[in-house]
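Here is a short report on one protein model.

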Amino acid sequence: MSRTPSSGPALLSATAALFLLCAPPASATAPPRDRPSACALPGTTGWTDEGHGTDHSVFQRPLGPVRVAMIFVDFPDAPATESPAEVAAGITPGADWLRRASYGKVWPAITEHRRWVRMPHASTDYGFARGLSHETHEAYVKDAVTAADPHVDFSRYDMVYVVPTRNASAISFSPTYIHQPGTPGVVADGHRLKWAVTFGQDVRRWGPRIVGHETAHTFGLPDLYAFDAGGDAHRFTGGWDVMGLIGGAAPQYFAWQSWKLGWTEDRQVVCRATGGGDTVRLTAVEHAGGTKMAVVRTGPTTAYVVESRRAAGTDARACATGALVYKVDSSVPTGEGPIRVVDARPGATPPSGCRPLDDAPYRAGESFTDPAAGVRVDVLRSDARGDTIRVTKS
């Protein structure tokens with residue numbers, strides 16, 4: 001077939017016109033994603049909170065091995081009748097748990113000094129029944145370190161784990177000690193011991209994961225359970241983070257906390273601080289690698305976070321799976337709910353074996369909206385390793 005010389009240009013002109021008609025207007029193109037730093041919230045409480053920029057003159061850096069001296073104490077009114085190895089066995093597996101939970105970024109390198117050292121006072125004299133003050137807790141740490149000092153070179157360690165005999169029922173719970181700058185603190189072998197965990201009898205209730213909870217306080221993480229006496233102590237986050245319910249069904253650290261501590265990298269964070277939307281494939285926080293969270297900033301100290309959860313291991317529950325949505329407020333102090341999980345099915349009876357809030361994640365086809373904040377989350381697809389979501393900020 002012959003073709004006139006003008007047919008080629010005419011065809012190209014028609015094609016170009018069709019492209020212009022079908023192409024989306026420039027205003028409809030998706031805005032670029034914001035830098036992750038635009039979603040990092042400032043710390044405002046002056047102590048343990050959910051803000052970035054942790055003060056490392058107070059808190060230790062959560063990277064690499066943390067050198068820990070584990071010492072064992074008994075008391076005039078509660079002499080030990082078991083071996084140090086017996087009580088250590090209920091604690092030391094927590095070091096491996098923390099290593100896995102941090103994606104191999106940090107772990108307590110524990111040296112057990114397996115001998116009982118006698119404390120100078122009765123177990124009932126140390127004030128645990130009254131809840132402890134910083135001063136009384138520091139006195140307990142100081143007595144333990146002094147008793148062990150003839151046998152331990154404390155200059156070799158970053159922190160101390162003090163483990164009491166099971167017979168000392170008065171040493172009931174397991175607080176974390178953090179040195180207050182400008183005070184003498186605890187000094188041994190020419191070295192100031194700025195961090196310690198003093199374990200109590202609650203170890204037998206919570207198990208080795210208590211290591212992950214208490215040691216993370218020395219990294220600057222707050223408590224996520226409620227300090228007030230009324231209501232459910234775990235009403236803010238349920239069992240989704242070891243800083244809340246240690247024995248929860250899925251007590252990994254929240255992706256937000258992992259990011260704050262440097263275990264999740266900026267490249268694994270999708271930030272929406274300005275208007276627009278993003279479709280994001282999230283890999284469950286229980287697995288290493290992949291994008292770990294989408295953050296929608298809503299104010300100077302607030303943001304919504306979406307992460308994927310897939311409970312694993314012996315504590316797995318059918319309810320502990322899906323896209324978890326929670327609100328972070330870095331102006332809220334420890335114990336008052338700086339992170340609050342959004343329940344996808346409020347008021348519903350959770351499946352058998354699940355606690356309230358265990359059934360909180362959103363599943364494929366479900367959506368979360370906060371019209372006042374202009375935030376919407378749609379769960380598009382789910383599989384064994386994660387969820388694909390769409391986050392929108394209007």
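Thr-54 sits in the loop between helix H1 (7-22) and strand E1 (64-74). The model is a predicted one. Is Thr-54 buried or exposed? Its relative accessible area is 18%, and the cut-off for buried is under 20%, so Thr-54 counts as buried. Beyond residues up to four places away in sequence, Thr-54 touches Phe-59, Phe-219 and Lys-260. With Lys-260 there is also a polar contact, side chain to side chain, at 3.2 Å.

Ala-78 is another loop residue, placed between E1 and helix H2 (84-88). Its relative accessibility is 4%, so Ala-78 is buried. Which residues does Ala-78 contact, once neighbours within four places in sequence are left aside? They are Ser-123, Thr-165, Asn-167 and Ala-168. Val-106 is 28 residues from Ala-78 in sequence. In space, the C-alpha atoms of Ala-78 and Val-106 are 35 Å apart.

Arg-309 belongs to a strand, E11 (residues 302-310). Its relative accessible area is 0%, so Arg-309 is buried. The side chain of Arg-309 makes a polar contact of 2.8 Å with the side chain of Glu-307. Setting aside residues up to four places away in sequence, Arg-309 touches a list of residues that includes Trp-240, Gln-252, Phe-254, Glu-286, Leu-324 and Asp-387. Ala-250, Ala-284, Val-285, Ala-320, Thr-321 and Gly-322 are also among them.

| Residue | Relative accessible area |
|---|---|
| Thr-54 | 18% |
| Ala-78 | 4% |
| Arg-309 | 0% |

Next, the largest pocket. It holds about 950 Å³ of space. The lining of this pocket has 30 residues. Which of them lie nearest its centre? Pro-175, His-217, Asp-223, Tyr-225 and Phe-227 do. By class, the lining divides into 13 nonpolar, 13 polar and four charged residues.

Several elements contribute to this lining. Helix H4 (134-148), strand E4 (176-178), helix H5 (203-206) and helix H6 (210-217) each supply at least two residues. H6 gives the most, with four residues.

H6 itself is mostly covered. Eight of its eight residues are buried. They are Ile-210, Val-211, Gly-212, His-213, Glu-214, Thr-215, Ala-216 and His-217. What do the buried residues of H6 pack against? Two helices are partners: H3 (93-101) and H5. The strands are E2 (106-118), E3 (159-164), E4 and E7 (195-198). Of these partners, E4 and H5 also supply the pocket lining.

Now the protein as a whole. It has seven helices and 16 strands. Its C-alpha trace spans about 110 × 50 × 40 Å along the principal axes. Of the 394 residues, 52% are buried. The exposed surface comes to about 17100 Å², and carbon and sulfur atoms supply 55% of that area.

Technical notes:
Residues numbered from 1 in each chain as written. Predicted model: local features only at pLDDT ≥ 70, side-chain atom pairs only at ≥ 80, totals over all residues. Heavy atoms only, no water. 1 Å grid on protein atoms, 1.4 Å probe; cavity = no way out; pocket = protein on both sides within 12 Å on 5 of 7 lines; lining within 4 Å. Points joined across faces, edges and corners; volume = space filled by probe spheres on them. Nonpolar A, V, L, I, M, F, W, Y, C, P; charged D, E, K, R; others polar. Buried < 20%, exposed > 50% of the residue type's maximum accessible area, 1.4 Å probe, protein only. Polar contact = N/O pair within 3.5 Å; in protein donor to acceptor, adjacent residues only side chain to side chain. Contact = heavy atoms within 4.5 Å. Areas by Shrake-Rupley, 256 points an atom, 1.4 Å probe, with all protein chains shown as cover.
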